[in-house]
Amino acid sequence: MTVNYKSVFDIIGPIMIGPSSSHTAGACAIGRAANSIFKEKPTDIVIHYYESFAQTHKGHGTDYAIISGILGFDPDDSRVPYAIGLARDQGMNITFIEEPGDSPINHPNTAIIDLKNDDKQVTVAGCSIGGGTIEIREIKMDGFDVKPKGPLPILLVQGGENDHQHVTKQLADLTKVNDQRHYKTDRGNLYEYDLDRRLKQDEIKKLTQEHANLVYL
């Protein structure tokens, strides 16, 4: 069967798809964060739900919302309700797991996303705190275990001390940095910057052009 994705939305205009901002727009945002971190097409997607998300994800549209974010869709994209099918059509294996017990990141609306392909694997733990707003409370990537303490936006940069100094100087001209953290493993260094405001698209573009190993959330 061929689905005309815009048949309804052409009439009613763009809206947030789903019955709950926390369980749909927030879930989509958590998926988008995972997409920004992974930066590639995953072959395997595993979503671990906790507490409220585990109890209501099917009825509240959380499943298709979070997958739509992983595909890079905005919450008002007319393809959001069809995201699971679209992902599977691209060869992605998808598993949803309702985990028992309390959230490991201490919030009832918790989703932990595992993404992998033949080259890499990341884990992103996020929670939807209301009104479509999210927090990312743990990121496992490239051997690093990052645990942001504040709300988004944050910037993650992998590199040496010169990269750190260069990014710090650039950000000083753009916005206040509320906090910085340094993570070090045998694979290198990662720097986290907790930003005071969201960056504009041209500001993000300039930063990413100069620093390939940069993630903006």
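**View 1. Six strands form an open sheet in the order 2-1-3-4-5-6, with mixed pairing.** Strand 2 (93-98) and strand 6 (144-146) are the edge strands, and each pairs on one side only. Neighbouring strands of this sheet are turned by 20 degrees against each other on average, direction ignored. Strands here are DSSP E runs of at least two residues, helices are H or I runs of at least four, and both are numbered from the N terminus. Two strands count as paired if DSSP finds at least two bridges between them. This is a predicted model: local features need pLDDT of at least 70, side-chain atom pairs count only at pLDDT 80 or more, and totals for chains, interfaces and linings use all residues. Residues are numbered from 1 along each chain as its sequence is written, and side-chain values use heavy atoms, with hydrogens and water left out.

**View 2. Strand 4 and strand 5 make a hairpin.** Strand 4 covers residues 121-130 and pairs with strand 5 in the antiparallel sense over eight bridges. Alanine 125 has glutamate 138 in strand 5 as its bridge partner. Two residues separate the strands. In the turn, glycine 131 has a positive phi of about 65 degrees.

View 3. Strand 5 (residues 133-141) runs antiparallel to strand 6, and three bridges join them. Lysine 140 stands opposite aspartate 145 in strand 6.

**View 4. Helix 4 lies across strand 1, strand 2 and strand 3.** The helix spans residues 62-70. Strand 1 is 44-50 and strand 3 is 109-116. Helix 4 runs at about 135 degrees to strand 1. Axes are lines fitted to C-alpha atoms, for helices over the stretch in contact (heavy atoms within 4.5 Å). Angles run from 0 to 180 degrees between N-to-C directions.

**View 5. The protein chain has seven helices and 10 strands.** Of its 217 residues, 47% count as buried, meaning under 20% relative accessible area with a 1.4 Å probe, protein chains only. Among contacts between residues at least 6 apart in sequence, 64% join residues at least 24 apart.

Note on methods. Buried < 20%, exposed > 50% of the residue type's maximum accessible area, 1.4 Å probe, protein only.
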